[in-house]
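The following explanation considers how neighbouring chains of an assembly are arranged and what lies between them.

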6 protein chains.
Amino acid sequence: MTSKNILCNGQAFEEYIFENEPYYVPTGNEIEIFTAAYKNNLPVNLKGPTGCGKTRFMEYMAYHLNRPLITVACHEDLTATDLIGRFIIKGGDVEWNDGPLTKAVKNGAICYLDEVVEARTDTLVVIHPLTDERRILPIDKQGIVLKAKPEFMLSISYNPGYQSVIKDLKQSTRQRFIAIEFNYPSMNTETQIVAHESGVSQNTAHSLVEIGHRIRNFKQHGLEEGISTRLLIYAGKLINEGIAPNTACRSAMIEPITDDFDLQMSISEIISAVLEWE
Amino acid sequence: MTSKNILCNGQAFEEYIFENEPYYVPTGNEIEIFTAAYKNNLPVNLKGPTGCGKTRFMEYMAYHLNRPLITVACHEDLTATDLIGRFIIKGGDVEWNDGPLTKAVKNGAICYLDEVVEARTDTLVVIHPLTDERRILPIDKQGIVLKAKPEFMLSISYNPGYQSVIKDLKQSTRQRFIAIEFNYPSMNTETQIVAHESGVSQNTAHSLVEIGHRIRNFKQHGLEEGISTRLLIYAGKLINEGIAPNTACRSAMIEPITDDFDLQMSISEIISAVLEWE
Amino acid sequence: MTSKNILCNGQAFEEYIFENEPYYVPTGNEIEIFTAAYKNNLPVNLKGPTGCGKTRFMEYMAYHLNRPLITVACHEDLTATDLIGRFIIKGGDVEWNDGPLTKAVKNGAICYLDEVVEARTDTLVVIHPLTDERRILPIDKQGIVLKAKPEFMLSISYNPGYQSVIKDLKQSTRQRFIAIEFNYPSMNTETQIVAHESGVSQNTAHSLVEIGHRIRNFKQHGLEEGISTRLLIYAGKLINEGIAPNTACRSAMIEPITDDFDLQMSISEIISAVLEWE
Amino acid sequence: MTSKNILCNGQAFEEYIFENEPYYVPTGNEIEIFTAAYKNNLPVNLKGPTGCGKTRFMEYMAYHLNRPLITVACHEDLTATDLIGRFIIKGGDVEWNDGPLTKAVKNGAICYLDEVVEARTDTLVVIHPLTDERRILPIDKQGIVLKAKPEFMLSISYNPGYQSVIKDLKQSTRQRFIAIEFNYPSMNTETQIVAHESGVSQNTAHSLVEIGHRIRNFKQHGLEEGISTRLLIYAGKLINEGIAPNTACRSAMIEPITDDFDLQMSISEIISAVLEWE
Amino acid sequence: MTSKNILCNGQAFEEYIFENEPYYVPTGNEIEIFTAAYKNNLPVNLKGPTGCGKTRFMEYMAYHLNRPLITVACHEDLTATDLIGRFIIKGGDVEWNDGPLTKAVKNGAICYLDEVVEARTDTLVVIHPLTDERRILPIDKQGIVLKAKPEFMLSISYNPGYQSVIKDLKQSTRQRFIAIEFNYPSMNTETQIVAHESGVSQNTAHSLVEIGHRIRNFKQHGLEEGISTRLLIYAGKLINEGIAPNTACRSAMIEPITDDFDLQMSISEIISAVLEWE
Amino acid sequence: MTSKNILCNGQAFEEYIFENEPYYVPTGNEIEIFTAAYKNNLPVNLKGPTGCGKTRFMEYMAYHLNRPLITVACHEDLTATDLIGRFIIKGGDVEWNDGPLTKAVKNGAICYLDEVVEARTDTLVVIHPLTDERRILPIDKQGIVLKAKPEFMLSISYNPGYQSVIKDLKQSTRQRFIAIEFNYPSMNTETQIVAHESGVSQNTAHSLVEIGHRIRNFKQHGLEEGISTRLLIYAGKLINEGIAPNTACRSAMIEPITDDFDLQMSISEIISAVLEWE
């Protein structure tokens, strides 16, 4: 994977051009839907929990659609100006600095606003005219209106499990995007990923995935969020480094996801059961 | 449709002059009422849910009244200054930059403040003297008071379903506008629109509209907001691109409007029933 | 009515000198009380609902007392500086710009602070020394204290129906003003006004006023605020333009005042009943 | 009464030197206590309701102690800087401008902070070292510490009826002041004042005072605050101008103090009863 | 007592070097504990109610340890910058100005942060590295890290009775200080102090102290805080000036501590009883 | 221990290079886990209560991994800019000043963000791209993206007992770290530490530790947080200085951890019991 890191003022982001195919195994027809949306200039909303592969999917699609990918991690201090750009003073001169959204609009990149609901409300208003047939981005500070290149695409992600009364996508925003629901990969797929990325054997990887899947069932029993594939890989890496499997699982699969003593005990039993049995 | 995009400082907006009639099918006597209001200099408030055609109606009226249309999408950081204008520094010189409202007042355009209740309170005070017989706009920063051209018209929109205790139009503002209630188009009209804008057959369009109308009935059963015509068109576009109708409907008509599992299941059954039957 | 629009920096306001008598029919002894207050330098508080004629009364009194009228619409971002004035930069020079209150104090005008309770708290402190025997206005930024001209008068308005726990006039402010309670005009008076200002016949005007009075009785049954005379005139104008009376009343007398379905139905029945009967 | 109005930057205030004795009739031993406090450099807290004569008492004491009086009306935007002073730019030069507290400390004036609890918390910290034996005022912006002149005295007022959980004098501040409780003047005294200041006869004045005293009894029955002597004078002035007593009392003694219909009716009956009887 | 008042920018404070022993009578082993803490570089937290002698104790210890004392009264606008220092513009030049904490660290003074819990949270973080073995103070604006002189000591005070959910010392801060609990002095001690500082006789002083001690028992019955020794002295001073003891006690011992009518009555009875009896 | 104190602008921090092994006795397999994480570039989250040795552990690991340690104490005013760096004006020139995180990324240091949950939300977004395979730090103000040196490691701490609804690590952040749970050292270990660092005998140290362990059991009975080892050492130091053990324990082990009278009494009994018995 060759990456070209670019930074625009006001907000950190990266623009990747992928020369090799990112590793991604589809879990449904998300590739077809995304491709159809891309061809029809429809903006896309990726819905799903933490660490289920949304970001990797974006990289995979960017590679196959042969577009650069510009990712912006949204947070509650992110403003429209951060996305669009601002004048900065550089060595005494005033210089305009495109923000990540402007860069994407100009270059026909795919702009991915991760956890968009975290950003301030004016940012959502800014993207509205990019989501309908107008596909324009007004840049007030420069007094111009940019027409997005045909290749430009806007994508957002959002985690339904997190939305609260205060922070939620308004229907007038939601209804501007088609939405694809994401979930954790299947056990086979996840086993492959864990084995490959952590270096453990298929058997060990399978045990870790087995544990992970059982933990995700606790979501109905008080667990705030399922466990991400990333943490399964962490566990694998620790085991690979010689840490006892039980210890590795505790550090990578219990402590990171909950502080609740009872939940910790229950997960601990699952881990012991699975590890013993295999 | 020829459009001239203009940007004023402080707030993005667009000024359209419509050379061809925008596609709009009236759902009642809204055209007559709006025309009568225009002739009598009465400001108008368009009430209705997301995506029921209020914006398109404004375009249609602007065309028939032969006026440019200036639209401002209001949000909670929008201030009176954004609407009126400000001095900006451009190449070392200080330059005055009309805001969208000022531009409309000067040019005798129709100014449409979309979701006005989202804006900050000082913006509402600013429009008050434009809504009564005085029809003036004081521009404090320049020390002048503008008298609106006779052709100037002020229109706002507002979604009754969204209003909360915190954000509501005060009676002293509401009572300055006549109000027209909007709702979704009739099935026949909507079928025409969906077929025309997505490229699917009349039959498919009819099915999508049938589903849409049934979904809107869920509003009493926990659905926050009905489904917009735009999403029906999205579904059509995905189908047209070869996506299976069930899949297309899931991405365009279920996921975008609700995260509730039970509601999703109910809508899913509606979709299957309608698609099967036709 | 000849008007001289003036704008002071920091806050929009208007200064009218009325050459013709504004149309106002007294509803009680408000003229005598206001006149007596004026002669005794007593500040006056106009209490009453939206659209019951307070502003028109101020214009009427300004005409008869032969004073210019300076009106400031208060809102929650209005500061003491907005009222008093500030230094502005104009073409490179720094220039002092009187605010509306300062202008009134200097010129011996009547200053009318509409919905004063909406303004920020420091504005209320600023007016205190103008309301007792001192009648002074300290202008801190210029380092001077202005003594109000003998003709200067301060008047405020306030809507008792709106006051909440958060926004209320403190007793230490309230007790600095005599207060006059306003209400809607009598049916005869209102009929005259509606007929005259909308152009409809006395009969139609009477029907509209009849409806209006019945609507105002709903205040005890969930209606937030009575209907203003202005909306009755709006209805008349639409009727005059050829809109069917039922339709005109819906747009001007139902939709602008409530979103509640049941209330809308009840008002609708009133309208039909009155229109049929007459 | 000769007054010298002075304005310091950042906050308006006035400094009076009284050449004639202000009209004040003591209601207890407040004069002796205040005098003893003054001689012992004890700061004084005047407790009491709106309009009971605290300000007038301060003027009276300033006259008898032969000190200038500097009054600051506190509000929630008042900062320590406003009290102490700041640098201002005047014609290109930077100039230090004493605030009212600094001026009082330097000149040995009596500084009266009216409704001190309304000010921001840092202002209270600023006055602490002035209230104990140190009697110093550090002026950070100038890098100096002022020792108060022996004649300097600090006095505050506060209305116990207003204090809420949010805004209250902390014990660590309260216990730095001796406190004198104020209440409305006796009927005889108040009758004299009302007659003298409004111009009505002793008889009429007595009736107004009688009404006022009865109204004050409503404090236990829902009235937020008693009626001030000022409003009794207002009523007298309106009567003197020819307004009917009942009408004058309504405008000056009912509407200014409550919006509650039942309370208004009860007070109205009191007024009628007293006016009839006399 | 010779004092050298010093002012650092950003925050007022004073640095005393005591040439004569401040008057302080120990109430327990607080002197030994404080001395041991000083020798071991342990920071000390003085816990206790308003006006129980904490500040005087600090002065006493500073005298005996032969250290200057720098006191900072904390309030909710106090920032880390206020404690550490800032660059100021003075006559065109930029000059660094040590804050009180920096001054203490450099000079090996005792720094006493009074009511530290009132300050903003970043101030607490700033003192952390001064409380453990590192004893350093990083000054970011100057790009240096100061090592405290061996004689430097940090002390804070805090009033347990005031702490609320919002404002409380976090355990991670509390556990960095040893803590000494303070309370009011014994009756004999307090009698001596009151007699000496107010000038009244031993007998009168004893009565005042008797009253004070009884008032403090009301703490369980609704009194927010006990009465400080300072107020007993105030009462003595008023009596000494010729004010009747009952009146003096009302102004110095009832009104300053409560607005509650029932509590005032109860305290009043105590006062009468004690004064009569003696 | 040789330390090199470095200060970066915007936020105080220290960079230590440890020449001698810091004194640390492991309580589990935390050393192995941390080492494995370090080798695999996994970020680590240290979970545990105040004063249980997390900071000392970081110093110990930094020594053994032969890396400098940069510690940042997070607080609620800490912004991303504070971590990354900013331009400062120094003697007229503008100079870039690396923040602590940037310094660590450049130098391959271990960056330890203590109580990270206290910092503002944008800081958490800033560390995200450092926690996955990208290991990059975009510096927007300079327009560059730094790739972390291979030796760079990110570690955070967090106290599960403190987390509230408002301040909590989001799962999308938590799941980026493996986590190690910390607790107080065993009695033997703690006795050694207390004896060594305070200078008291093994016997006394054992008593103090015995008390400490019993106090920690009160956590279930209303004690907010267990007692830190540091406070046990404080008690030892006071005893060593000649303070009576009971008094020393009160100042170092009761007053610092609770203001609750009943809890204080219970702890006091424990202390007496243990001290008597030994």
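Copies are superposed here by least squares on the C-alpha atoms of residues with pLDDT of at least 70 in both. On this basis, a rotation of 60° with a shift of 0.1 Å along its axis places chain B on chain C, with an RMSD of 0.1 Å. The model is a predicted one. Chain C is in turn laid on chain D by a turn of 60° and a shift of 0.1 Å along the axis, the RMSD being 0.1 Å. These two copies are thus related as by a six-fold rotation axis.

The interface of chain B and chain C may be taken next. Here 38 residues of chain B are in contact with 42 residues of chain C. The two chains bury about 3,300 Å² between them, and 51% of this area lies on carbon and sulfur atoms. Four salt bridges are counted between chain B and chain C; Lys47(B) and Glu255(C) are joined by a salt bridge between their side chains, at 2.6 Å from N to O. Polar contacts link 14 residue pairs across this interface, both residues being at pLDDT 80 or more. On the side of chain B that touches chain C, at least two residues each come from several elements, including helix 1 (30-39), helix 5 (121-131) and helix 6 (171-174) of chain B. Helix 1 of chain B supplies the largest share, five residues. By class, this side of chain B comprises 17 nonpolar, eight polar and 13 charged residues.

The interface of chain C and chain D follows. It brings 38 residues of chain C into contact with 42 residues of chain D, and the buried area is about 3,300 Å², with 52% given by carbon and sulfur atoms. Four salt bridges are found across it. In a salt bridge of 2.6 Å, N to O, the side chain of Lys47(C) meets that of Glu255(D). Among the elements giving two or more residues to the side of chain C that touches chain D are helix 1 (30-39) and helix 5 (121-131) of chain C. The largest share of that side, five residues, is contributed by helix 1 of chain C.

Within chain D, helix 2 (residues 54-64) has buried residues that include Phe57(D), Met58(D), Tyr60(D) and Met61(D), as well as Lys54(D) and Glu59(D). The cover over the buried residues of this helix includes helix 1 (30-39) and strand 3 (44-47) of chain D. Just after helix 2 of chain D, Asn66(D) adopts a positive phi of about 60°.

Terms used:
Residues numbered from 1 in each chain as written. Chains lettered and ligands numbered in written order. Heavy atoms only, no water. Contact = heavy atoms within 4.5 Å. Buried area = accessible area lost by both parts, 1.4 Å probe. Polar contact = N/O pair within 3.5 Å; in protein donor to acceptor, adjacent residues only side chain to side chain. Helix = DSSP H or I, 4+ residues; strand = E, 2+ residues; numbered from the N terminus. Nonpolar A, V, L, I, M, F, W, Y, C, P; charged D, E, K, R; others polar. Buried < 20%, exposed > 50% of the residue type's maximum accessible area, 1.4 Å probe, protein only.
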